[in-house]
Amino acid sequence: MKKHLKLTTFLFAGMLLCSSCIGSFGLFNRVLDWNKDVTGNKFLNELIFIIISPAYAVCGTADLLIFNTVEFWSGSNPLAKNVGKTQQVMGQDGKYYAVKTLQDGYEITKPDGEMLKFLYDKETDSWSQVENGQTKEIFRFNADGTVKATLPTGEQMDVTLNEAGLYKVRTALGDGNYWACR
(Lines give C-alpha, C1' and ligand atoms only; values in the text may rest on other atoms or scores of the structure.)
Protein backbone atom coordinates (compact mmCIF):
# COMPACT_ATOMS: atom_id res chain seq x y z
CA MET A 1 0.00 0.00 0.00
CA LYS A 2 2.79 2.43 0.95
CA LYS A 3 4.64 1.61 -2.26
CA HIS A 4 1.55 2.42 -4.37
CA LEU A 5 0.95 5.64 -2.43
CA LYS A 6 4.56 6.76 -3.00
CA LEU A 7 4.36 5.87 -6.70
CA THR A 8 1.04 7.69 -7.11
CA THR A 9 2.39 10.76 -5.32
CA PHE A 10 5.54 10.72 -7.45
CA LEU A 11 3.54 10.39 -10.69
CA PHE A 12 1.11 13.16 -9.68
CA ALA A 13 3.99 15.52 -8.78
CA GLY A 14 5.71 14.66 -12.06
CA MET A 15 2.52 15.37 -13.98
CA LEU A 16 2.21 18.78 -12.34
CA LEU A 17 5.85 19.73 -12.73
CA CYS A 18 6.34 18.36 -16.24
CA SER A 19 3.22 19.70 -17.90
CA SER A 20 5.29 22.26 -19.83
CA CYS A 21 2.99 25.10 -18.88
CA ILE A 22 4.22 28.65 -18.76
CA GLY A 23 0.89 30.21 -17.81
CA SER A 24 -0.03 33.78 -17.01
CA PHE A 25 1.17 33.81 -13.37
CA GLY A 26 -2.10 35.51 -12.34
CA LEU A 27 -1.52 35.48 -8.57
CA PHE A 28 2.09 36.67 -8.82
CA ASN A 29 1.10 39.45 -11.24
CA ARG A 30 -1.73 40.60 -8.95
CA VAL A 31 0.74 41.05 -6.10
CA LEU A 32 3.18 42.79 -8.46
CA ASP A 33 0.49 45.17 -9.81
CA TRP A 34 -0.64 45.99 -6.28
CA ASN A 35 2.94 46.64 -5.18
CA LYS A 36 3.64 48.98 -8.12
CA ASP A 37 0.65 51.20 -7.30
CA VAL A 38 0.35 50.87 -3.52
CA THR A 39 1.66 54.42 -3.01
CA GLY A 40 2.62 57.29 -5.24
CA ASN A 41 6.25 57.06 -4.13
CA LYS A 42 8.52 54.59 -5.94
CA PHE A 43 10.96 54.44 -3.02
CA LEU A 44 8.21 53.53 -0.57
CA ASN A 45 6.93 50.93 -3.06
CA GLU A 46 10.45 49.45 -3.15
CA LEU A 47 10.57 49.30 0.65
CA ILE A 48 7.21 47.50 0.68
CA PHE A 49 8.54 45.13 -2.01
CA ILE A 50 11.54 44.22 0.18
CA ILE A 51 9.34 43.65 3.21
CA ILE A 52 6.79 41.45 1.40
CA SER A 53 9.31 39.66 -0.86
CA PRO A 54 8.47 36.26 0.68
CA ALA A 55 4.93 36.74 -0.65
CA TYR A 56 6.34 36.84 -4.18
CA ALA A 57 8.01 33.46 -3.63
CA VAL A 58 4.81 31.93 -2.23
CA CYS A 59 2.63 33.36 -5.01
CA GLY A 60 5.10 32.36 -7.73
CA THR A 61 5.28 28.80 -6.37
CA ALA A 62 1.48 28.57 -6.12
CA ASP A 63 1.20 29.78 -9.73
CA LEU A 64 3.89 27.38 -10.91
CA LEU A 65 2.54 24.28 -9.19
CA ILE A 66 -1.22 24.88 -9.15
CA PHE A 67 -2.76 27.78 -11.08
CA ASN A 68 -0.62 27.61 -14.23
CA THR A 69 -1.18 23.85 -14.41
CA VAL A 70 -4.94 24.42 -14.14
CA GLU A 71 -4.60 27.06 -16.86
CA PHE A 72 -2.63 24.67 -19.09
CA TRP A 73 -5.19 21.86 -18.84
CA SER A 74 -8.40 23.94 -18.76
CA GLY A 75 -7.34 26.86 -20.97
CA SER A 76 -8.07 29.54 -18.37
CA ASN A 77 -6.50 30.67 -15.12
CA PRO A 78 -9.11 31.22 -12.39
CA LEU A 79 -7.06 34.08 -10.92
CA ALA A 80 -6.31 35.79 -14.22
CA LYS A 81 -9.97 36.38 -15.06
CA ASN A 82 -11.20 39.91 -14.51
CA VAL A 83 -14.12 39.81 -16.94
CA GLY A 84 -17.18 41.39 -15.35
CA LYS A 85 -15.22 43.07 -12.56
CA THR A 86 -15.47 46.82 -12.04
CA GLN A 87 -12.76 49.04 -10.56
CA GLN A 88 -12.87 52.67 -9.51
CA VAL A 89 -10.07 54.58 -11.25
CA MET A 90 -9.15 58.21 -10.59
CA GLY A 91 -8.77 60.21 -13.78
CA GLN A 92 -6.37 63.07 -14.44
CA ASP A 93 -9.22 65.43 -13.57
CA GLY A 94 -9.35 64.07 -9.98
CA LYS A 95 -12.72 62.37 -10.53
CA TYR A 96 -13.44 58.66 -10.21
CA TYR A 97 -14.47 56.55 -13.21
CA ALA A 98 -15.95 53.04 -13.07
CA VAL A 99 -13.96 50.75 -15.38
CA LYS A 100 -15.59 47.39 -16.10
CA THR A 101 -13.54 44.68 -17.80
CA LEU A 102 -15.35 43.09 -20.73
CA GLN A 103 -14.45 39.97 -22.70
CA ASP A 104 -13.19 42.15 -25.55
CA GLY A 105 -12.29 45.43 -23.88
CA TYR A 106 -13.47 47.92 -21.27
CA GLU A 107 -16.64 49.83 -20.41
CA ILE A 108 -16.06 53.17 -18.70
CA THR A 109 -18.74 55.03 -16.79
CA LYS A 110 -17.92 58.70 -16.34
CA PRO A 111 -18.78 60.56 -13.10
CA ASP A 112 -21.83 62.11 -14.85
CA GLY A 113 -23.14 58.61 -15.74
CA GLU A 114 -22.23 58.74 -19.42
CA MET A 115 -20.72 55.47 -20.71
CA LEU A 116 -18.19 54.67 -23.39
CA LYS A 117 -16.44 51.48 -24.40
CA PHE A 118 -13.01 50.59 -25.71
CA LEU A 119 -13.27 47.35 -27.68
CA TYR A 120 -10.62 45.13 -29.21
CA ASP A 121 -11.37 43.42 -32.54
CA LYS A 122 -9.20 40.34 -32.84
CA GLU A 123 -10.00 39.94 -36.56
CA THR A 124 -8.61 43.36 -37.53
CA ASP A 125 -6.18 43.61 -34.58
CA SER A 126 -7.60 47.03 -33.71
CA TRP A 127 -9.04 49.03 -30.80
CA SER A 128 -12.17 51.14 -31.22
CA GLN A 129 -14.08 53.60 -29.07
CA VAL A 130 -17.87 53.28 -28.84
CA GLU A 131 -19.66 56.37 -27.57
CA ASN A 132 -23.31 57.37 -28.04
CA GLY A 133 -23.82 54.41 -30.37
CA GLN A 134 -21.02 55.48 -32.72
CA THR A 135 -17.93 53.34 -33.23
CA LYS A 136 -14.62 54.99 -34.14
CA GLU A 137 -11.41 53.06 -34.65
CA ILE A 138 -8.62 54.50 -32.52
CA PHE A 139 -5.70 52.44 -33.81
CA ARG A 140 -4.76 49.13 -35.36
CA PHE A 141 -1.56 47.14 -35.23
CA ASN A 142 0.36 46.81 -38.49
CA ALA A 143 2.25 43.67 -39.50
CA ASP A 144 5.58 45.53 -39.36
CA GLY A 145 5.21 46.38 -35.64
CA THR A 146 3.96 49.93 -36.15
CA VAL A 147 0.51 51.27 -35.37
CA LYS A 148 -1.97 53.00 -37.67
CA ALA A 149 -3.41 55.74 -35.45
CA THR A 150 -6.70 57.40 -36.37
CA LEU A 151 -6.84 61.08 -35.42
CA PRO A 152 -10.10 62.86 -34.45
CA THR A 153 -10.13 64.46 -37.91
CA GLY A 154 -10.30 61.00 -39.51
CA GLU A 155 -6.73 61.24 -40.82
CA GLN A 156 -4.66 58.10 -40.29
CA MET A 157 -0.93 57.93 -39.73
CA ASP A 158 1.54 55.11 -39.19
CA VAL A 159 3.68 55.56 -36.08
CA THR A 160 6.27 53.55 -34.20
CA LEU A 161 5.61 52.32 -30.67
CA ASN A 162 8.12 54.57 -28.93
CA GLU A 163 8.59 58.17 -27.80
CA ALA A 164 9.10 59.38 -31.38
CA GLY A 165 5.78 57.87 -32.48
CA LEU A 166 3.98 59.36 -29.49
CA TYR A 167 5.51 62.75 -30.24
CA LYS A 168 4.42 62.46 -33.88
CA VAL A 169 0.79 61.85 -32.82
CA ARG A 170 0.88 64.64 -30.24
CA THR A 171 2.25 67.04 -32.83
CA ALA A 172 -0.51 66.06 -35.27
CA LEU A 173 -3.06 66.77 -32.52
CA GLY A 174 -1.50 70.17 -31.79
CA ASP A 175 -0.27 68.96 -28.41
CA GLY A 176 3.42 68.59 -29.26
CA ASN A 177 4.61 72.14 -28.78
CA TYR A 178 7.16 72.59 -26.06
CA TRP A 179 8.60 75.95 -25.18
CA ALA A 180 11.96 76.69 -23.67
CA CYS A 181 13.05 79.95 -22.07
CA ARG A 182 16.43 81.20 -20.99
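Reader: Is isoleucine 66 buried, partly exposed or exposed, and what is its relative accessible area?

Author: In this predicted model, isoleucine 66 is found in helix α4, which covers residues 53-74. Buried would mean under 20% relative accessible area and exposed would mean over 50%. Isoleucine 66 falls in the partly exposed class, because its relative accessible area is 47%.

Reader: Which residues make the nonpolar surface patch of about 310 Å²?

Author: Isoleucine 66, a residue of helix α4, is one of the members of this patch. The residues that make the nonpolar patch of about 310 Å² are Leu64, Leu65, Ile66 and Val70.

Reader: What is the order of the elements of the chain from the N terminus on?

Author: The chain has five helices and eight strands, and 20% of its 182 residues count as buried. Its accessible surface comes to about 13,700 Å², with 61% of that belonging to carbon and sulfur atoms. Read from the N terminus on, the elements run α-α-α-α-β-β-β-β-β-β-β-β-α.

Reader: How many residues lie between β2 and β3 in their hairpin?

Author: Strand β2, residues 96-102, and strand β3, residues 105-109, pair in the antiparallel sense over five bridges. Within this pairing, alanine 98 has threonine 109 of β3 as its bridge partner. The number of residues between β2 and β3 in the hairpin is two.

Reader: Which glycine has a positive phi in the turn between β3 and β4?

Author: Strand β3 is joined by five bridges to strand β4, residues 115-121, and the two run antiparallel; one of the bridge pairs brings glutamate 107 together with lysine 117 of β4. The hairpin of β3 and β4 has five residues between the strands. In that turn, the residue with a positive phi, of about 95°, is glycine 113.

Reader: Which residues are linked with Lys110 in a network of salt bridges?

Author: The side chain of lysine 110 meets that of glutamate 114 in a salt bridge, at 3.7 Å from N to O, and lysine 110 also forms a salt bridge with glutamate 131, where the closest N and O atoms are 3.2 Å apart. This second pair links distant parts of the chain, with glutamate 131 in strand β5 and lysine 110 in the loop between β3 and β4, 21 residues apart. Lysine 110 counts as partly exposed at 24% relative accessibility, as does glutamate 114 at 28%, and glutamate 131 is partly exposed with a relative accessible area of 21%. The residues linked with Lys110 in the network are Glu114 and Glu131.

Reader: How far apart are the closest N and O atoms in the salt bridge of lysine 148 with aspartate 158?

Author: Side chains of opposite charge can pair when their charged atoms come close. Lysine 148 is partly exposed at 23% relative accessible area, and aspartate 158 is partly exposed at 39%. Lysine 148 forms a salt bridge with aspartate 158, and the distance between the closest N and O atoms is 3.1 Å.

Reader: Which residues form the covered face of strand β8?

Author: In a regular strand the side chains alternate between the two faces of the sheet. In β8, residues 156-159, the uncovered face has Gln156 and Asp158. Valine 159 of β8 is the bridge partner of valine 147. The covered face of β8 is formed by Met157 and Val159.

Reader: Which six residues make up the largest nonpolar core?

Author: In soluble globular proteins, nonpolar side chains tend to be buried together. Leucine 151, a member of this core, is in contact with Met157, Val169, Ala172 and Leu173, leaving aside its neighbours within four places in sequence. The six residues of the largest nonpolar core are Val147, Ala149, Leu151, Met157, Val159 and Val169, and the strands that each supply at least two residues of this core are β7 and β8.

Terms used
Residues are numbered from 1 along each chain as its sequence is written. This is a predicted model: local features need pLDDT of at least 70, side-chain atom pairs count only at pLDDT 80 or more; totals for chains, interfaces and linings use all residues. Side-chain values use heavy atoms; hydrogens and water are left out. Buried means under 20% relative accessible area, exposed over 50%, partly exposed in between (1.4 Å probe, protein chains only). Helices (H or I, at least four residues) and strands (E, at least two) are DSSP runs, numbered from the N terminus. Two strands pair if DSSP finds at least two bridges between them. Patches are made of residues with over 30% relative accessible area and no salt bridge: like charges are joined within 9 Å, nonpolar side chains (Val, Leu, Ile, Met, Phe, Trp, Tyr) within 5 Å. Accessible areas come from the Shrake-Rupley method with a 1.4 Å probe; for residues, only the protein chains shown count as cover. A salt bridge is a side-chain nitrogen of Lys or Arg within 4 Å of a carboxyl oxygen of Asp or Glu. A nonpolar core is a set of buried Ala, Val, Leu, Ile, Met, Phe, Trp, Tyr and Cys residues joined through side-chain atoms within 4.5 Å. Contact means heavy atoms within 4.5 Å.
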